[in-house]
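Open your viewer and keep the selection tool at hand. We will go from stop to stop, with something to pick at each one.

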Amino acid sequence: MEVTSFDHVALWTDERDSLASLLTECLGMHVISRTDAFTLVGGDARQGKVTLFAAEGPREQGALEQIVVRVSALDTVRTRLDEAGHAVEESGTGLEVEGPGGVPLAVVERPGIGVVDLEGVVLRVPEPAETADGLVAMGLDRDAGRLHVDDREVVLRRGEPQEGERPLLNHLAFLVDSARDVEDEARSRGLEVEDVVDAPNTLAVFLRGPDGLRLEYVEHKPGFALE
C-alpha cells in the first residue's frame, strides 16, 4: 500500500460547532465543508484536516491521546486561546488544550509554513511495537523508530485505551493515488474491507488496522474542488 500523505483525523463529537470554532478562531483553520452529518476543517483542503462527525455524547477518549496541529506563530495562538477562555498548558514542544467535548489538542510551532496544518496524532495502544509493525504493513513509514507519513507523525504510547461504545476517534485517513489498488491489495491479503465510499470529490476505502483502528485510504479525484 503506497500512502502519500496523512489526509485527516476524523472524530465523533457532540460539540462539533464549538470545536470547529476553536480550530478556526483560535488555531487559524477554516470550515472547508459542512453538512448535516459532518464538518470538515483545515488550513487547506489538500493538506492535513480534521473531520467532525455529529454524534451523541459524551464521548470516551479511547485510543486518541492527542491531535497535534502545526502553526507558524505559537504566541498568536496562545493569545487567541486565552481570549476565548480556554485553559492552556505549556508543554516541552508547544501548547496543550482540551477542546470542547473532551478533544485533546496539542499545538506546535513550525515557522514559515503557509497555512495551519496537521502535525500528526498521538495514540494510546497496549503494545506500541506490535501496533507499529501492523501500521507499517498497511502503508506507514518507519525511520529510526519514528512512525510517519511524509512529514506527519503517528506517535504510539503504551496504555489501555478503554474504547467503550462511544470513542472520540472515528478514523485516520491517508491519501493514496488509487483507492481501488488499495482495495484490491487488501482483499488479496485477506484484510477486512469495511466500506468503499464513492463521493463527488473522493474515492475512499476503509480498512480495519491493528488494535481495531479504522483506517481510510482516500483518493482525490481529478478536479478535486474543495477549498
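**Stop one: a pocket**

Begin with strand β9, which gives the second largest pocket the largest share of its lining, four residues. A pocket here is an open set of points on a 1 Å grid over the protein atoms alone, where a 1.4 Å probe fits, with protein on both sides within 12 Å along at least five of seven lines; lining residues have an atom within 4 Å of a point. Strands (E, at least two residues) and helices (H or I, at least four) are DSSP runs numbered from the N terminus.

Before going on, note that this is a predicted model, in which local features need pLDDT of at least 70 and side-chain atom pairs count only at pLDDT 80 or more, while totals for chains, interfaces and linings use all residues. Residues are numbered from 1 along each chain as its sequence is written, and side-chain values use heavy atoms, leaving out hydrogens and water.

Now select Gln 66, Val 68, Thr 93, Val 108 and Val 122: of the 15 lining residues, these lie nearest the centre of the pocket. The elements that give two or more residues to this lining are β5 (64–71), β8 (103–109), β9 (117–125) and β12 (152–158). The pocket's volume is about 260 Å³, taken as the space filled by probe spheres set on the points, which are joined across faces, edges and corners.

**Stop two: two helices**

Next, show α1 (residues 16–26) and α2 (residues 74–83), which pack at about 135 degrees with their axes 9 Å apart. Axes are lines fitted to C-alpha atoms over the stretch in contact, and angles run from 0 to 180 degrees between N-to-C directions. The pair is therefore oblique, the class left after under 35 (roughly parallel), over 145 (roughly antiparallel) and 65 to 115 degrees (roughly perpendicular). Pick Leu 22, Glu 25 and Cys 26 in α1 to see them meet Val 77, Arg 80 and Leu 81 in α2; contact means heavy atoms within 4.5 Å.

**Stop three: a salt bridge**

Select Asp 7 and Lys 49, whose side chains form a salt bridge at 3.0 Å, N to O. The term covers a side-chain nitrogen of Lys or Arg within 4 Å of a carboxyl oxygen of Asp or Glu. Asp 7 is in β1 (residues 3–13) and Lys 49 in β4 (residues 49–54), so the bridge ties together parts 42 residues apart in sequence.

**Last stop: the backbone**

Zoom to Gly 57 and Pro 58, joined by a cis peptide bond with omega about -5 degrees. Finish at Ala 144, not a glycine, yet with a positive phi of about 55 degrees.
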